[in-house]
Amino acid sequence: MERLVVIGAGMASGRLLEHLFEAAPGRFEVTLFNAEPRGNYNRIMLSPVLSGEKSYAEIVTHDDDWYAAHGVTCRFGERVQHIDRDRKVVTGATGDVPYDRLVIATGSDPFIIPCPGHDLDGVISYRDLDDTNRMIDQPPGTRAVVIGGGLLGLEAAAGLRLRGMEVTVLHLSGHLMDRQLDPAAGYLLRADLERRGISVMTQASTSRIRGEGRVEAVELEDGTILPADLVVMAVGIRPSVKLAQASGLTVGRAIEVDAQMRTSDPNVFAVGECVEFAGQLFGLVAPLYDQAKVLAATLLDEPAAFTPKQLSTKLKVTGCDLFSAGDFSDGQGREDIVFRDPARGIYKRLVVADDRLVGAVMYGDTADGNWFFGLIRDETDIAEMRETLIFGPAYQGGSVQDPLAAVAALPADAEICGCNGVCKGRIIEAIEGGATDLGAVRGATKASASCGTCTGLVEQVLAATLGDAFTITAAQPVCGCTDLSHEDVRRLIKSRELKSQPAVWQELGWRTPNGCHVCRPAVNFYLLADWPLEYHDDPQSRFVNERKHANIQKDGTFSVVPRMWGGITSASELRAIADAAEKYDVPTVKVTGGQRIDLLGVKGEDLPAIWADLNAAGLVSGHAYSKGLRTVKTCVGTDHCRFGTQDSTGLGIRLEKRLWGSWTPHKVKLAVSGCPRNCAEATCKDVGIVCVDSGYEIGVGGAAGMDVREVERLAKVATEDETVEWTVAFVQLYREHAKYLDRPYKWLAKVGLDWVIDTLSDPATRSALVERFDLSQTIYQTDPWAQHTARETARSFAPIADLTLEAAE
Amino acid sequence: MSWIDIGALGDVPVRGARLVKTHAGCIALFRTTETEIFATSNTCAHKGGPLSEGIVHDRKVTCPLHNWVWSLETGEAQGADQGRIATYPVRIEDGRILIDGDAIDRRSAA
């Protein structure tokens, strides 16, 4: 009999032995080493064992009787120490075993982040039954932190949660399972996990694990500290190749094999996760089984060759229905087909290239997954069915995407009209009670009867309830990505509590994978205005000026404008500006209409340095580039002017200090004039204050651009404090309600000044608006110059590489 | 092809871009997803706008100057606009971004 030694009893070698004993019983005398003190079991079923849905006994694939029946000598719990290829002998802890042919199936080792504290008691990986049992042994209520939001980490998290632990998942990239899923599917997965009580933190980088001997907490790069009794590292695996390396076999990223699974030694073979073939590594079970089959044939001296195939992924967490297959990495000439059904939480995306399906991601409804997978694997020509492909094999006559889906998905208690507090259920009641047009619904419920921005949504509720009996007057959609108008999107972000861009794209049925240059900046603004604490501003969704904090000029250079509070400056500030202008070769220095100085023609890569210099002199960004507060123009008021009635300069500075840094739907300019002679031109500003003997006249909705308009009176108040309160409340109302890129005068034309005056006249509403504005300012009132001069972010203003230098060397 | 390592994947933000200076002019490096990179000329064929400063969406970029939209895969102008920008082969290996040096040299020789 031929002596075959197998090192490692994993899924690949288990399958190999089955093939060998079935095809040629009695031909091999097998010795099976395994470092784990047990034989082959179905490792991919460890997750159901962890969650309690299966027991270990149920996942054993080969028991003692099976090994005995096939004459396998089991050396379980024994590590192989050495392979002597010249003598063809394997050395274990209890002695040598000679072989004729050898199979290395050592699998992989979990990767442990080498951060401080990784060796503390209570920090474990998730790889084998012992790891699983250690997790199972934790008492309910244990605080567990799972590092890694990939397949393995999430299965561990779900299992631990089912065992009653408090679970937090930390994931380095922006969305879960980023290798298999796109952000939209990642968002749905996250929502599903959060519904089960699992906390998820993305872009979370672990800096250290704290504890005295035993783990006590996990500390993140941003300083967050998460108390923890158990830390599970599931950040990835590395092929286990030490033994092969020490024996002199050719090892790249893993043990290199040919298509017959032969290593650089003709009598030594390798199979499974420890193998590298044609530059590829393998971690999923399907290719490992293919390898086992090929290796069995090779050992039986039959011809066979391994060819890697397309793979698909499913997550083994009961109730999380996701599917991902094929290739999403870079390629030419690709096109996406996206389908979303917000009501049912379904997302599907197909990637098509050259009339072939090359990738598919699905969430919520994965029934067609295998059909799509088949199309990918077989490279089927899909040109004929391209239009209806996304509906799956059952289609033919299926519906197109329903533009009313987002509204249809709203629960009955979702608020449609914010002004009058009317929810969807109330509107449906009214419709069913006979109110079958907009006017009747308004009469019955007051919905859309105040500012009117929810009119589109009320119409959609009418259409969804009445069907063909109601025709919607088409509102202008935001862009080609959606049928919803800006007003609809704003309202739905509030009533459905959508707090991320993927949430908006999914729940509102966006037709593109991640929006476009029109909708992204708008949605980014709506989210940061409505959820200042929960939502994080996305620089990649901002127009260049707001990302670079400088105005781009037609030659690609930038302008730099420091803030001059109320137009007041000093000799030392002017000196710092002059020095910066000289040092950075600024070609043009100009006084702006907003009472400050513009340095034009600064090179992009110089921005962080010039900002640092200006910062050092106490100057901060003037936000001359932003959809936000620009300047507060003032006259000199009572300080110097013989006509001045109030301290207009002081009030201007006070307003500017309160409002700066806030993002608004469009730019906002203010002015304060000290008397009706109006030297500060306050009557053509977004908010213009004219001081009179008896107090302050606050006007709003002025403009002096493409349209020229005079302000209309918002209020007349007696004190500076009241002026500031009304101004802040007005700006916040504008921030919460206006369409992106509508200046206040355009917004006022839609909602009516009367509605604004009514709303702001209520002291409680006014102070609530001020409170919300101030809360937002706790996040956003920071000098972007100071933020971006830090070395890390400053680097991003420079080219990533300069190949002109390299070539010269 | 001669692949040149130009930096770490993590140095380019998702749906963002960075610049590479070369003898053939500036090349913009776009990261469209966690694992997808494209390289094109940084110069908009319309009025020379810096494309690396544009908003990246799907596999496209919008020029910050006049909103021309370019396909990062083919270099073709999208929508009603007509034109083409150069594209360059790039790939990702072990978290590093590699660009085809020959393609750049061909451009600078031409």
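Guide: A polar contact is a pair of N or O atoms within 3.5 Å; within protein, one atom must be able to donate a hydrogen and the other to accept it, and residues adjacent in sequence count only if both atoms are side-chain atoms. This is a predicted model, in which local features need pLDDT of at least 70 and side-chain atom pairs count only at pLDDT 80 or more, whereas totals for chains, interfaces and linings use all residues. Residues are numbered from 1 along each chain as its sequence is written, chains are lettered from A and ligands numbered from 1 in the order in which they are written, and side-chain values use heavy atoms, with hydrogens and water left out.

Visitor: How many residue pairs are in polar contact across the interface of chain A and chain B?

Guide: The contact (heavy atoms within 4.5 Å) takes 48 residues from chain A and 43 residues from chain B. Across this interface of chain A and chain B, with both residues at pLDDT 80 or more, the number of residue pairs that the rule finds in polar contact is 11.

Visitor: Which element gives the most residues to the side of chain A that touches chain B?

Guide: Helices (H or I, at least four residues) and strands (E, at least two) are DSSP runs, numbered from the N terminus. Among the elements of chain A that each supply at least two residues to this side are β23 (334–341), β24 (346–353) and α17 (519–530). With 4 residues, the element that gives the most to the side of chain A touching chain B is α28(A).

Visitor: Which residue of chain A meets E53(B) in a salt bridge?

Guide: Between chain A and chain B the count is 5 salt bridges, each being a side-chain nitrogen of Lys or Arg within 4 Å of a carboxyl oxygen of Asp or Glu. In one of them, at 2.8 Å from N to O, the side chain of E53(B) meets that of K548(A).

Visitor: What is the strand order of the open sheet of 5 strands in chain A?

Guide: The pairing in this sheet is parallel, and its edge strands, each pairing on one side only, are β3 (73–76) and β19 (268–270) of chain A. Strand β7 (residues 101–104) of chain A pairs with β19(A) over 3 bridges. The order is β3-β2-β1-β7-β19.

How values were computed
Pairing = 2+ DSSP bridges.
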